[in-house]
Amino acid sequence: MAHEPLTQAEVLLEGFLALDTPEGFRAELIEGEIVVTPPPDGDHEDCIGLIVDQVARSARTRMQFSGNKGLKLRSGGGCPKNHAIPDGTFAPLDLRLFRGADPWMPCEGVALVVEVTSTKPQADREAKRRCYARGGIPLYFLIDRDAGSVTLFSDPEDADYRQHLTIPYGKPLPLPEPFAFDLETGDFG
């Protein structure tokens with residue numbers, strides 16, 4: 001019985017899903033490229049902790065958080081689906097999106113993803129931004145440690161966000177519903 005040959009995208013996806021990365025490393029499939037990143041440094045994790053603390057204390061809607069949730073996102077062109085692991089993923093608690101989810105879950109219901117720049121800042125600034133927009137994730141929050149600024153991307157359409165607000169560290173960043181509070185950024189730097 002003859003089998004249809006696999007497309008290049010199918011071979012790439014199969015190879016990616018079969019990867020066995022060293023402990024602490026992350027493997028992602030972003031716009032047709034396999035990206036492996038080392039464990040984050042302490043300053044990176046401090047930024048994530050500060051965000052989680054503020055959301056837990058101040059968000060109008062109670063949120064669940066994951067720092068390791070794999071998301072399957074639409075891709076552009078002939079690439080396989082993007083498989084990204086944001087530094088942080090927030091979803092309304094009442095949805096319980098993470099409960100029973102596969103390691104790579106759909107992104108429907110995710111309210112906000114967070115990235116903190118590290119070894120490959122251009123991927124966070126561009127490729128991952130496009131991936132999250134294609135997935136329809138309403139808010140993408142980028143802490144750009146090299147630039148000393150934070151950016152909130154919103155209003156996704158096709159492969160990008162139509163709105164963004166960039167401010168330097170130290171100024172409050174207004175987060176819209178379902179968060180509805182000003183995120184303090186002074187301690188990020």
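The exercises below work through salt bridges, one threonine and the nonpolar cores of this predicted model.

Residues are numbered from 1 along each chain as its sequence is written, and side-chain values use heavy atoms, with hydrogens and water left out. In this predicted model, local features need pLDDT of at least 70 and side-chain atom pairs count only at pLDDT 80 or more, while totals for chains, interfaces and linings use all residues.

**Exercise 1. Describe the salt bridge between lysine 128 and glutamate 28.**

Step 1. A salt bridge is a side-chain nitrogen of Lys or Arg within 4 Å of a carboxyl oxygen of Asp or Glu. The structure holds 13 of them.

Step 2. For lysine 128 and glutamate 28, the N to O distance is 2.8 Å.

Step 3. Lysine 128 belongs to helix α3 (residues 121-134) and glutamate 28 to strand β1 (residues 26-30), so the bridge ties together parts that are 100 residues apart in sequence.

Step 4. Check the accessibility: buried means under 20% relative accessible area, exposed over 50%, and partly exposed in between (1.4 Å probe, protein chains only). Lysine 128 is buried at 5%, and glutamate 28 is buried at 4%.

**Exercise 2. Find the location and accessibility of the partners in two other salt bridges, glutamate 31 with arginine 130 and aspartate 146 with arginine 125.**

Step 1. In the bridge between glutamate 31 and arginine 130, the closest N and O atoms are 2.7 Å apart. This pair links distant parts of the chain, 99 residues apart: glutamate 31 is in the loop between β1 and β2 (33-37), and arginine 130 is in helix α3.

Step 2. Glutamate 31 is partly exposed at 26% relative accessibility, and arginine 130 is partly exposed at 25%.

Step 3. The closest N and O atoms of aspartate 146 and arginine 125 are 3.5 Å apart. Aspartate 146 sits in the loop between β9 (139-144) and β10 (149-157) and arginine 125 in helix α3, so this bridge ties together parts 21 residues apart in sequence.

Step 4. Aspartate 146 is exposed at 59% relative accessibility, whereas arginine 125 is partly exposed at 22%.

Step 5. Salt bridges with shared partners also join Glu28, Glu115 and Lys128 into one network.

**Exercise 3. Describe the surroundings of threonine 151.**

Step 1. Threonine 151 is in strand β10 and is buried, with a relative accessible area of 7%.

Step 2. Contact means heavy atoms within 4.5 Å. Leaving aside neighbours within four places in sequence, the residues in contact with threonine 151 include Tyr140, Leu142 and His164.

Step 3. Threonine 166 is 15 residues away along the chain, and the C-alpha atoms of threonine 151 and threonine 166 are separated by 4.2 Å.

**Exercise 4. Which residues touch the most other members of the largest nonpolar core?**

Step 1. A nonpolar core is a set of buried Ala, Val, Leu, Ile, Met, Phe, Trp, Tyr and Cys residues joined through side-chain atoms within 4.5 Å.

Step 2. The largest core has 24 residues, and Phe141, Ile143, Phe179 and Phe188 touch the most other members.

Step 3. Elements that give two or more residues to this core include α2 (42-58), β8 (112-116) and β9. The largest share, four residues, comes from α2.

Step 4. A second, separate core of 20 residues includes Phe98, Val110, Cys131 and Leu142.
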